[in-house]
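Trainee: I would like to go through this model with you. Could we begin with the overall fold and then turn to the details?

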Amino acid sequence: MLERIAQQPLLVILMGISVLAMLVPAAHAVVVDDHYVGRVFFYGAVLFAFLTSFLALAMAGRPRGNLPRRHLLALLGLFVLLPLMLAVPFHQAVRNTTFLNAYVEMVSSLTTTGATLFEDPGRLPDSVHLWRALVGWLGGLFIWVSAVAILAPMALGGFEVRARGGSGPGKGTSQITHVADLSARIRTFGAQLFPVYTGLTLALWIGLILAGDDAFVAFCHAMSTMATSGISPVAGTAGGNAGYGGEVMIAVFLFFAVSRLTFTRDGVNTDVSSLRNDPEVRLAVTLVVMVPAFLFARHWLGAYEIEEEMNLLSGLASLWGSMFTVLSFLTTTGFESQAWEASQNWSGLQTPGLILMGLALVGGGVATTAGGVKLLRVYALYKHGLREMEKLVHPSSIGGAGGDARHLRGHGAHMAWVFFMLMTLSVALVMVLFSLTGEGFETSMVLTISALTTTGPLAGIAAVDPVSYGDLSDAAKLILAGAMVLGRLETLAIIALLNPDTWRR
């Protein structure tokens, strides 16, 4: 299996892109007079440039089929094998860590999880922080392109909810409804989405600088926002100088992780004509309004134990802190508002971990950089539940609202329920594995949800006692890395990869 993965042309292309990316922290290290780190990344770029060239020459002229499994294997190799290369300069630059730690850190960055084993930002040089953020940014770009170019025509990654293939009697169990020229789709959508992704990142970078952030911190936060990785060189947005203005800008750009329609309308069979009618946007807005409203109203409804006097300004600050943090965790970014502590004090919930874990499980939009179950699947189950309750009241009623809505309530809800069951089994399995390494129930649950939803910062905020990734055993770190890959690829894609029909097509 590993040999087949290593022979994928797409993986070699991604290796070449990673080689070019190593030159960015190398140049930054030279500018800030950290010549050792600069040499490490430059030598790493030279070394892996030779390796990538040799692999490209060895694979030149070989016949390339358009089998779906080739592209799924390339995605698996992206998150399993590519971090081995990315971890080499990281390991050499840090010097006082193990290669396993460096590998887990790169898996976390590339899957846009943002779970760091180095909780003290001062332990890592700025150029290494830049490398982490850059790897996360590239991971987000790869996810954008692969979701639309590969997973969409294969009806995976949330697209199965709207797919018309069906799974009734006599129909195949494969998720692949039709096979397009996936290589051409990758080139086409890569060329289309790269300028959009880069332009949005640069726009947010400039905005954060104008809001008061240091240029380096603003650049890292801009990349982490677009990739929803939550990677920060100053322990989150609260450690920066952009203040509430910076949080407002980040919140605006986080909506690109709510719906794919915010950046592309190509490659998807949908009758949604505007963002206003997009079910993912409507569900996300509902959650961002209702959850903070609950936390805000609890100050009068149940938080009688609060003795500190709360004025209007502190109330508004707590409301904004709740809205920003809810949106951040809903998109699986994990940035914490600087007013989040005030929000907790206002509501009387010192550790609303279950709320944040629930938001992370819901996740963002299909074909975005966000993880989780995805808003479209939740919406499909919601519509199906409404229809079932309507039939209880009016058994002879006929559901209307068009063929697409009827399909979403039927086959779409069925596929969403299948994914929920697979997600539940994945959570149970990963929790058991963490328990076997000696972790307690609460710690295992927080680690599992953080990894499978690609929301790494969740571990430091969801539990009463923050969970430290650096304190995990080597076995637990390997389980964490595997769970992050599983959460990024999703269980349906793994099953499709193991399905014999996929290999025969």
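**Fold, confidence and one arginine**

Mentor: The model is predicted. Its protein chain has 20 helices and zero strands.

Trainee: What share of the 505 residues counts as buried?

Mentor: Of the 505 residues of the protein chain, 55% are buried.

Trainee: Changing topic: what is the mean pLDDT of the chain?

Mentor: The mean pLDDT is 84, and 85% of the residues reach 70 or more.

Trainee: Which elements have the lowest and the highest mean pLDDT?

Mentor: Helix α1 (residues 2-6) has the lowest, at 51, whereas helix α6 (residues 99-110) has the highest, at 96. The pLDDT is below 50 over residues 166-179, a stretch with 28 contacts in the model beyond near neighbours in sequence. Residues 303-309 also have pLDDT below 50, with eleven contacts beyond near neighbours in sequence.

Trainee: Now R185. Where is it found, and is it buried or exposed?

Mentor: R185 lies in helix α8 (residues 182-210). R185 counts as buried because its relative accessible area is 17%, under the 20% cut-off.

Trainee: What does the side chain of R185 reach?

Mentor: The R185 side chain reaches the backbone oxygen of V148, at 2.6 Å.

Definitions and conventions: Residues are numbered from 1 along each chain as its sequence is written. This is a predicted model: local features need pLDDT of at least 70, side-chain atom pairs count only at pLDDT 80 or more; totals for chains, interfaces and linings use all residues. Side-chain values use heavy atoms; hydrogens and water are left out. pLDDT is the predictor's confidence in each residue, from 0 to 100. Helices (H or I, at least four residues) and strands (E, at least two) are DSSP runs, numbered from the N terminus. Contact means heavy atoms within 4.5 Å. Buried means under 20% relative accessible area, exposed over 50%, partly exposed in between (1.4 Å probe, protein chains only). A polar contact is a pair of N or O atoms within 3.5 Å; within protein, one must be able to donate a hydrogen and the other to accept it, and residues adjacent in sequence count only if both atoms are side-chain atoms.
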